[in-house]
Amino acid sequence: MAYAYEINDGTERGKNNRPVWFKELDDPIMDRIKATSFITIFNIFIEEIESSYTMRGHAWINTILPDELIIEIFRCLDSKLSRDACSLVCKRWLKLERLSRTTLRIGATGSPELFVQLLARRFVNIRNVHIDERLAISLPLHSGRRRRNEVMCLPFNSHNATDNTGAEGALESSYLSDAGLIALSVGFPNLEKLSLIWCSNISSQGLTSLAEKCRFLKSLDLQGCYVGDQGVAAVGEFCKQLEDVNLRFCEGLTDTGLVELARGCGKSLKTFGITACAKITDVSLEAVGMHCKYLESLSLDSEIIHNKGVLSVAQGCPLLKVLKLQCTNVTDEALVAVGSLCPSLELLALYSFQEFTDKGLRAIGVGCKKLKNLTLSDCYFLSDIGLDAVAAGCKGLTHLEVNGCHNIGSLGLESIGKSCHQLTELALLYCQKIVNSGLLGIGQSCKFLQALHLIGDAGIVAIGENCKFLTDLSLRFCDRVGDEGLISIGKGCSLLQLNVSGCHRIGDAGLVAIARGCPQLSYLDVSVLENLGDMAMAELGEGCPLLKDIVLSHCHQITDAGLMHLVKRCTMLESCQMVYCPGITAAGVATVVSSCPSVKKILVEKWKVSERTKRRAGSVISYLCVDL
């Protein structure tokens with residue numbers, strides 16, 4: 001199908017979250033349903049479907065249940081495949097299933113306007129539309145008789161064009177244009193959320209038409225769209241309920257359009273993002289500060305934004321909760337203003353600041369007591385002093401990422417461990433001055449830690465002994481972590497996800513401990529572990545039956561035998577990557593395909609796949625072409 005969806009039918013609800021009409025059902029046969037939860041109703045529903053195959057002519061479901069209840073049951077289905085199957089039962093269910101859809105996700109098509117019109121006729125309750133021209137979509141065939149699910153794939157990108165006459169025009173027609181945008185606004189006038197990702201052929205004309213007709217719009221994402229000031233100004237004029245705007249890579253915009261947008265939607269705007277818009281200056285941010293007093297989230301990535309613009313936002317938007325900055329010309333002056341004027345700040349992310357020092361970070365620690373999430377990336381002049389100030393003032397911190405801040409060391413991390421006991425996620429990447437002692441304090445004090453991305457064995461042992469809630473651990477290419485650390489994790493934590501790619505000191509012993517101690521493990525990346533062998537694979541097969549995704553690439557000691565033991569019990573496996581594994585042959589690949597009925601992706605060298613396996617696996621296998 002060419003779309004995905006989520007269900008939110010907007011039904012008025014009463015006690016126990018049930019629709020108000022639910023209590024009005026008085027048929028005796030409904031007594032059983034009235035006394036149960038919707039999950040039980042769903043089970044009754046499935047039983048009825050199954051019995052219908054042996055009781056032809058008895059349509060109990062269609063006789064008894066009203067449309068609203070069937071839609072409620074559709075909401076209990078947890079996958080698009082299940083919903084599509086239900087829509088094939090009868091015409092009534094097809095109609096109700098279409099009514100339950102509120103979201104469409106589509107890519108490029110050979111006839112965008114026609115495709116949008118087709119969807120608008122079929123799905124009348126659509127409120128959210130996501131169009132991404134980086135994706136290919138499936139379009140129903142227009143010629144001849146066809147089955148209901150018969151589709152034709154039309155990839156959008158230029159690599160699929162030919163040199164034949166008219167190819168350029170055909171390629172041009174495979175992109176959404178202003179005509180398609182106008183068709184979208186006519187077909188879905190009650191649209192609330194619209195994402196147009198890299199739709200480079202739309203202009204201000206189409207955006208203006210959409211703004212005039214879709215006045216209930218609350219969220220607009222124009223990433224990569226070359227729209228101009230006129231279209232954005234029209235959005236400000238007509239879409240008075242707009243709350244969320246993303247203008248990443250909108251190179252055609254200037255301050256003129258953004259000032260009008262801020263003036264028109266200022267009272268409702270809550271989230272605003274600007275990235276790589278070369279003509280946007282401090283003037284736009286001054287307008288945001290002046291008109292958008294309810295703004296809660298601001299994301300900026302610009303080389304021409306200075307302190308003046310950020311100061312205006314800090315002064316005019318006291319409710320700001322999220323601030324993400326990648327502006328090399330912003331200095332401590334702006335951060336001091338944020339610390340003193342934005343006490344509600346909960347998330348702060350600072351990227352690539354060349355002129356930012358501990359002075360600004362101290363101001364955040366003093367003024368932003370509600371801060372929960374802090375990211376510091378490539379902030380070269382920050383040190384332990386700034387991190388210590390954050391620890392002292394922001395004791396509710398739950399997420400911390402320090403990436404490439406070469407002057408932050410173990411002392412700053414120790415301060416976090418002493419003060420921020422609610423920490424649940426920690427990432428320490430390319431921080432040369434942080435050693436095991438810094439992690440000891442985290443492991444001993446931060447009992448609620450759930451996700452860890454980092455460094456060395458002693459610190460990992462402390463984490464394993466103390467952080468019982470840890471479920472996600474990433475140690476990619478940490479050359480100081482070995483089996484000792486993983487053994488501690490296996491004894492003390494119940495991981496769901498583990499990434500130890502490139503940790504060359506880890507071998508079978510560490511993974512055996514994980515297999516025996518983490519039965520809920522669903523994701524595992526052990527790529528580039530040259531000492532890992534079949535023993536670990538056999539233990540994982542025995543101990544981790546819920547494993548869904550595994551990456552084995554560049555593991556030279558793993559053979560077909562180990563792979564066979566792994567998949568024997570891990571029948572829920574959906575993805576397996578095993579390129580550059582010399583011990584795995586065509587027989588091993590065939591074993592994965594035949595043993596894992598849920599598998600969706602296998603990445604392997606093409607020469608390792610037999611013709612029989614190709615026929616059996618179909619599109620499941622992705623190939624890495626390797627010259628032999």
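The legends below describe close-up views of a predicted model. Because the model is predicted, local features need pLDDT of at least 70 and side-chain atom pairs count only at pLDDT 80 or more, while totals for chains, interfaces and linings use all residues. Residues are numbered from 1 along each chain as its sequence is written, and side-chain values use heavy atoms, with hydrogens and water left out.

**View 1. The protein chain as a whole.** The protein chain has 26 helices and 21 strands, where helices (H or I, at least four residues) and strands (E, at least two) are DSSP runs numbered from the N terminus. Of its 628 residues, 51% count as buried, buried being under 20% relative accessible area with a 1.4 Å probe and protein chains only. Among contacts between residues at least 6 apart in sequence, 72% join residues at least 24 apart, a contact being heavy atoms within 4.5 Å.

**View 2. The largest nonpolar core and Phe272.** The largest nonpolar core holds 163 residues, of which Phe272, Leu426 and Met578 touch the most other members; such a core is a set of buried Ala, Val, Leu, Ile, Met, Phe, Trp, Tyr and Cys residues joined through side-chain atoms within 4.5 Å. The largest share of this core, 5 residues, comes from helix α12 (residues 255–265). Apart from this core lies another, of 10 residues, including Leu65, Leu69, Ile73 and Trp93. Leaving aside residues up to four places away in sequence, Phe272 touches Val245, Leu247, Leu258, Leu261, Val288, Leu295, Ser297, Leu298 and Ser299.

**View 3. Helix α12 and its surroundings.** Since 8 of the 11 residues of α12 are buried, this helix is largely enclosed by the rest of the structure. Its buried residues are Asp255, Gly257, Leu258, Val259, Leu261, Ala262, Gly264 and Cys265, and they pack against α11 (229–238), β6 (244–248), β7 (271–275) and α13 (282–291).

**View 4. Helices α9 and α10.** The axes of helix α9 (residues 178–187) and helix α10 (residues 204–213) come within 8 Å and cross at roughly 5°, which makes α9 roughly parallel to α10. Here axes are lines fitted to C-alpha atoms, for helices over the stretch in contact, with angles running from 0 to 180 degrees between N-to-C directions, and angles under 35 degrees count as roughly parallel. On the α9 side, Asp178, Leu181, Ile182, Leu184, Ser185 and Val186 meet Gln205, Gly206, Leu207, Ser209, Leu210 and Lys213 of α10. The residues of this contact divide into 6 nonpolar, 4 polar and 2 charged, where Ala, Val, Leu, Ile, Met, Phe, Trp, Tyr, Cys and Pro count as nonpolar, Asp, Glu, Lys and Arg as charged, and the others, Gly among them, as polar.

**View 5. Helices α14 and α15.** Helix α14 (residues 307–316) packs on helix α15 (residues 332–341) at an angle of about 0°, with their axes 9 Å apart, and α14 is therefore roughly parallel to α15. Asn307, Val310, Leu311, Ala314 and Gln315 in α14 meet Glu333, Ala334, Ala337, Val338 and Leu341 in α15, a contact with 7 nonpolar, 2 polar and 1 charged residues.

**View 6. Ser415 in helix α18.** Ser415 is found in helix α18 (residues 410–419) and counts as buried, at 12% relative accessibility. A polar contact of 2.7 Å joins the side chains of Ser415 and Asp388; a polar contact is a pair of N or O atoms within 3.5 Å, and within protein one must be able to donate a hydrogen and the other to accept it, with residues adjacent in sequence counting only if both atoms are side-chain atoms. Not counting residues up to four places away in sequence, Ser415 touches Asp388 and Ala391.

Methods
Buried means under 20% relative accessible area, exposed over 50%, partly exposed in between (1.4 Å probe, protein chains only). Angles under 35 degrees count as roughly parallel, over 145 as roughly antiparallel, 65 to 115 as roughly perpendicular and the rest as oblique.
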